[in-house]
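Here is a short note to read beside the structure. Please keep the sequence at hand while going through the points.

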Amino acid sequence: MGIMTASTTFHPVLERIAEEIERTPGRGRPADYIPALAARDPRRFGMAVAEPDGTVYGVGDWREPFSAQSLTKVFTLALDLAREGDALWEHVGREPSGNPFNSLVQLEYENGIPRNPFINAGALVVTDRLHTRTGDASGELLAFLRAESGNPDLSFDEEVAASETAHGDRNAALGHFMASYGNIDNPVPVLLDEYFRQCSITASCADLALATAFLARHGVRADGTRLLTRSQAKQINAIMLTCGTYDAAGDFAYRVGLPGKSGVGGGIIAVVPGRCALCVWSPGLDERGNSVAGMAALDRFTTLTGLSVF
């Protein structure tokens with residue numbers, strides 16, 4: 001198959017990918033530290049593609065809500081960057097970490113400045129700064145996702161939020177450690193509550209592909225208003241490419257060649273600037289926390305369509 005033209009629909013490609021994934025034996029294991037995630041069947045699979053005009057194609061379980069988890073970090077980053085611009089980068093870096101997503105080690109020798117916005121420490125800083133500016137970081141995020149997806153029923157999963165709170169000692173440690181360096185504005189318990197609620201949002205592949213499409217539109221929202229400058233949208237896409245899949249970002253860029261962000265709920269969002277946004281979901285994860293079938297599906301998508309940033 002050659003490079004897709006503007007008139008080509010994505011549906012035949014998605015059907016072919018779903019058939020190939022169905023025949024794939026190993027699917028990884030769901031995240032086991034959150035009971036609501038551990039119960040998911042690793043063989044579930046959904047994939048959606050949203051075009052800039054809001055047309056959306058899907059296959060498999062593409063309408064099935066799942067726990068967005070770290071996918072939400074992209075949207076929180078966009079909402080804060082829109083408000084404070086480059087001042088944000090004084091508080092969080094833009095470099096790949098090379099360490100686990102919840103590592104304390106780097107913070108120690110980098111004086112409480114997280115390496116990037118997508119590791120847990122960096123996401124805590126971004127949520128903290130958005131909360132300072134809005135008074136309701138998780139509510140601001142939910143409103144944005146509802147508006148961009150066109151789904152007013154998106155909501156938090158209180159069971160997942162409570163489960164994350166119960167297993168949140170490492171995130172609490174990160175928050176307190178950064179607060180000791182003056183890099184957190186709000187009381188850490190308030191910040192943690194906002195962060196866990198943010199991560200607990202449930203949404204489908206269709207919802208998340210549509211919500212991510214503002215990055216394919218170079219920063220323009222679904223209603224035509226501009227959230228980010230073109231340059232800021234490029235910055236977020238660049239950080240997704242280099243930092244979006246934990247410490248597998250190099251492998252993701254090599255295999256998929258798109259800006260992407262994964263979550264331990266089994267979702268991955270990806271962007272083809274100017275063409276489309278994607279979301280794929282399958283709960284079985286590899287040892288680095290990325291969906292096994294999701295990575296394979298995005299690899300096949302870029303191969304079959306010829307769409308890539310390279």
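In what order do the five strands of the open sheet lie?

1. The order is β2-β1-β8-β7-β6, with antiparallel pairing. Strands pair if DSSP finds at least two bridges between them. The edge strands, β2 (56-60) and β6 (260-262), each pair on one side only. From one strand to the next, the twist averages 10°.

2. This is a predicted model: local features need pLDDT of at least 70, side-chain atom pairs count only at pLDDT 80 or more, and totals for chains, interfaces and linings use all residues. Residues are numbered from 1 along each chain as its sequence is written, and side-chain values use heavy atoms, with hydrogens and water left out.

3. Strands β1 (residues 46-50) and β8 (residues 276-281) pair in the antiparallel sense over five bridges. Strands (E, at least two residues) and helices (H or I, at least four) are DSSP runs, numbered from the N terminus.

4. Helix α1 (residues 11-22) packs on the sheet and touches β1 and β2. Contact means heavy atoms within 4.5 Å. The direction of α1 makes about 20° with that of β2. Angles run from 0 to 180 degrees between N-to-C directions; axes are lines fitted to C-alpha atoms, for helices over the stretch in contact.

5. Helix α6 (residues 137-149) packs against α10 at about 100°, with the axes 8 Å apart. The two helices are therefore roughly perpendicular (65 to 115 degrees). Phe144, Leu145, Glu148 and Ser149 of α6 meet Asp207, Leu210, Ala211 and Phe214 of α10.

Conventions:
Angles under 35 degrees count as roughly parallel, over 145 as roughly antiparallel, 65 to 115 as roughly perpendicular and the rest as oblique.
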